[in-house]
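Good morning, and thank you for coming. Please look at the sequence and the structure as I show them.

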Amino acid sequence: MYEIFEIISFILMYRKQLYKTAFLSSPIIAVFELSPLIFIGNQPYSFFIKSIFVFTFIILLQWLFNVFLFSENRIKNSRNIWKNYFLSFLFAFFLIALFMIFSSSIFPPRKDIPPPIFPFLNAATLNTIILIIINSIINRSKKEQMDSELAFLKIKNLEAEQQQLIQKLQPHFLFNALSTLKSLINSNTEQAEEYLIKLSEFLRFTVSSHVNELVLLEKELKFTNDYIALQQIRFGDSFFCEINIPENIRQSFFVPVYALQTLVENAIKHNAFTSSNPLKLSIVYKDNCIEIKNNKIPKQIENKSGMGLKNLNKRFLLIDGLPIKIENKQELFSVTIKLFQKERLC
């Protein structure tokens, strides 16, 4: 039933184009067919004009019958196609026979009447041309429909891949958060309680926003601030973060969900900072982008997997086709990500 509904929608969508072609091409074909009459015989121009109107009507009837026949065939079994071709040519021969019967009352008598086989051959040729045009329009329309459906499926596939990448971040973060909570419970129960409250607020965002590909920058900053607060409980005076983004920018742009939090987490993960040599992180707005940079305090044994950064870079490639900008200098590491004007929901 659903397939029949789709086919009917296809017919309604492209039958208009077929009818338009029929009305535009009928007089053109008629003029082409009858143009030799100007040079053969001494027939008056009134005869030529009258013939054009008659042939235009006949050709238009052929067109309309074929459009009805072959567009309606879309909702029938394709095995009936040859039956439709037979009916198409039968109708063309019927029209030309009808024309020949009544031509004596429409046109003046002529001595140079061609053998009866020629009008039927002409009708068959003309009908073949009409069928070729109809099939060409239908096939092209069908290709456009298939291309549109393929593009839609590609978008859905990209959206599914986006969700898969986003979901990989959640267990990764949760594992680290629970490990931190466990250590705080053993060393400082008051901090552990505060950490647990902020963690619950943080996780509330992950539950409500995981269906979004992009979120408002203001929401992502709130989420990232909660994460930073959790890390400051964990690391104390060894970790500092400064955020400098104008309020109007926060309310006007969108970023991939977890983008800023991932970059903050990446800086914490790959640096061996202490209270005497703290990690200093800044998040600033610059030319429709956000730059996240930090001083480098390399670990002696470094895990080079970089799953979070690779994940984020792939997400930007899927959304915009452009990668994130990474600068890895001797004493400074920075990542620049693009801001988006429009929210795009999965």
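This is a predicted model: local features need pLDDT of at least 70, side-chain atom pairs count only at pLDDT 80 or more; totals for chains, interfaces and linings use all residues.

Residues are numbered from 1 along each chain as its sequence is written, and side-chain values use heavy atoms, with hydrogens and water left out.

Let me begin with the sheet. Helices (H or I, at least four residues) and strands (E, at least two) are DSSP runs, numbered from the N terminus. Two strands pair if DSSP finds at least two bridges between them. Here 5 strands form an open sheet with mixed pairing, in the order S2-S4-S5-S7-S6. At its edges are strand S2 (239–244) and strand S6 (325–328), each of which pairs on one side only. From one strand to the next, the twist averages 10°; axes are lines fitted to C-alpha atoms, for helices over the stretch in contact, and angles run from 0 to 180 degrees between N-to-C directions.

Strand S4 (residues 279–286) and strand S5 (residues 289–295) run antiparallel and are joined by 6 bridges. Valine 284 stands opposite glutamate 291 of S5. S6 and strand S7 (residues 332–338) are also antiparallel, with 4 bridges, and a hairpin of 3 residues connects S6 to S7. Glutamate 327 has serine 334, in S7, as its bridge partner.

We turn to the helices. Helix H7 (residues 217–235) lies across S2 and S5 and runs at about 160° to S2. How many residues of helix H9 are buried? Of its 11 residues, 10 are buried, where buried means under 20% relative accessible area, exposed over 50%, and partly exposed in between (1.4 Å probe, protein chains only). Among them are Leu260, Leu263 and Glu265.

Arginine 315 belongs to helix H10 (residues 307–320). This arginine is buried but has no salt bridge, that is, a side-chain nitrogen of Lys or Arg within 4 Å of a carboxyl oxygen of Asp or Glu. Glutamate 220, the nearest side chain of opposite charge, is 7.3 Å away; Lys and Arg count as positive and Asp and Glu as negative, with His and the chain ends not counted. A polar atom of the arginine 315 side chain does lie 2.6 Å from the backbone oxygen of valine 257.

Glutamate 194 sits in helix H6 (residues 189–209). Why is glutamate 194 counted as partly exposed? The reason is its relative accessibility of 39%.

Thank you for your attention.

Technical notes. A polar contact is a pair of N or O atoms within 3.5 Å; within protein, one must be able to donate a hydrogen and the other to accept it, and residues adjacent in sequence count only if both atoms are side-chain atoms. Contact means heavy atoms within 4.5 Å.
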